[in-house]
Every structure is written in C-alpha cells, then in structure tokens.
Amino acid sequence: MAGHSQFKNIMHRKGAQDAKRARLFARLTREIIIAAREGLPDPALNPRLRGAMASARVANMPRDNIERAIKRATGGEDSALYQEVRYEGFASGGVAIIVEALTDNRNRTASEVRTAFAKHGGALAETGSVSHQFVRAGSIVFPVDVGTADAIFEAAVDAGADDVQSSASGHEVLCGVEAFNTVRDALEGRLGSPASARLIWRPLMDVPVSGEAAVAVLELLDMLEDTDDVQQVFANCDIADDVVRRFGT
C-alpha cells in the first residue's frame, strides 16, 4: 500500500507540474501573439517579440510552438482579440498586489481575479490605489554563470542601467522604462541572450508579513499565478525564506 500511495503522490506531482508547464506555455503564446500583432513579425525589428521569444526559449518551449504563435498572429488563424488589463488590490497584512493579464474576455478574468482575492482575505481596489506603491521598471535577468557581479555591474553601467542585483540565482539588471530596449540590446550584444527581459512593477517599500497573514498572501499569489489569463503578479510583501520554503513543500 505504501508503494502504491507513493506512486500516486508522484503522479499527482507530475500532473501538477505538467499543468503548470501548460499554463506557462499558454502565457508565453499569448505574449508572442500580442507582440507580433503590435509590431513586425520579425524579432530583429520588434523588441517586444524578441523578448517574448527569448523567454519562451528559456522555458524550453518547443520551436514549433513559437513559430505557430507568430503565424496565428500574422496569418489570421487566431480570431481572439487579447487585451492587456491590470488589476490592483490588497492582501492580508496590507500587502499591495498588481496583476497583469492578457484576456479575450474581461468579465471572465475580472471575476476569476476577484474570486482569488476574496477567497484569501484580500480585496480588489480601484486602479491607481496600489500602483503608487510601485515604480515601473525594466528588468533584464542573466544566469549566474554569465559573469561575476563586478563584470555584470560594469556592463550594466556601460549600457545605461540604473542598478544590478546579483545573487546565487542570477543577475537582475534594472533600468528605466524608456531605456529598456536600449539597455537590453546592449547587454544582449555583450553577454548573450538574457534569461528574461520584461517590464515589471518594483515595490518602493516592502511590507513585512508573518504567521497566518503570510500564508494567506502566499496562497493568494499562488492562486493568481494559476489563473489562465494572468501573465504577471507583483507584490510588495517581505516574507521570511523559511515560511516560503514550507509553503512550497
């Protein structure tokens, strides 16, 4: 019985991983479609598309999937009209959250996001009520083995970036929105393709949360990440690493 139970647990985890991978590919596909529709289908002439394709490759998305997404955008195979929408809200402990989504049905997406907040002790708020606690910025992330912290910092300064945060997991180069494409292209030419390059909402100040409030925030973030139409989620919470690790097990 123990072996059977263990097998079921393994299969359950594999199923969850497969579902997460499918959601990730769906998000990447939507971003590629939007990028290709807004600009030229040639990534060399379309910075957003180039960034979306780079993120897809880092996620090991098959090349055929990437090419199909571009064809869907430019060949009329996809009639869905995706819209970019942003939701703002508060979680337990006064944590501020920004949710970015790409959707072909605003009512459906709003309902799913509102349900996630309500289920975990949070609430949606009016647009603008949360975003003032964040600053819009460009984020370009490179693997840790690309170079030393000093080397990345030097390259970032030369490219016109504002800051670099290096850790055991990688190097994140931060820059202003207006400089994003220029900085990314300069760093890509010097360091190679980044692991990710995107516009983010960077918290001006983190809110420390612990205990049940921390768990509620993590559950809310997890549920939002699992929502099909959601592309990115940003929060200004400061939660102890051990709490995050226990939540993920």
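Biologist: Which residue in E6 does Gly-138 stand opposite?

Modeller: Gly-138 stands opposite Cys-175 in E6. Keep in mind that this is a predicted model.

Biologist: In what sense do E4 and E6 pair, and over how many bridges?

Modeller: E4 and strand E6, residues 170–175, pair in the antiparallel sense over five bridges. E4, residues 134–142, also pairs with strand E7, residues 196–203. That pairing is antiparallel too, over eight bridges.

Biologist: What is the bridge partner of Val-141 in E7?

Modeller: Ser-196 is the partner of Val-141 there.

Biologist: Changing topic. How many salt bridges does the count come to?

Modeller: The count comes to 17 salt bridges. In one of them, the side chains of Arg-48 and Glu-84 meet at 2.8 Å, N to O. Arg-48 lies in helix H2 and Glu-84 in strand E1, so the pair ties together parts that are 36 residues apart in sequence.

Biologist: Which residues are linked with Arg-48 and Glu-84 in a network of salt bridges?

Modeller: Glu-31 and Glu-38 are linked with them in that network.

Biologist: And Arg-190, which side chain does it meet in a salt bridge?

Modeller: Arg-190 meets Asp-158, at 2.9 Å, N to O. Arg-190 is in helix H6 and Asp-158 in helix H5, 32 residues apart. Asp-158 counts as exposed at 53% relative accessibility, while Arg-190 counts as partly exposed at 46%.

Biologist: What about Arg-184, buried or exposed?

Modeller: Arg-184 is buried, because its relative accessible area is 3% and the cut-off for buried is under 20%. Its side chain meets that of Asp-185 in a salt bridge of 3.8 Å, N to O. Asp-185 is partly exposed, with a relative accessible area of 34%.

Technical notes:
Residues numbered from 1 in each chain as written. Predicted model: local features only at pLDDT ≥ 70, side-chain atom pairs only at ≥ 80, totals over all residues. Heavy atoms only, no water. Pairing = 2+ DSSP bridges. Helix = DSSP H or I, 4+ residues; strand = E, 2+ residues; numbered from the N terminus. Salt bridge = Lys/Arg side-chain N within 4 Å of Asp/Glu carboxyl O. Buried < 20%, exposed > 50% of the residue type's maximum accessible area, 1.4 Å probe, protein only.
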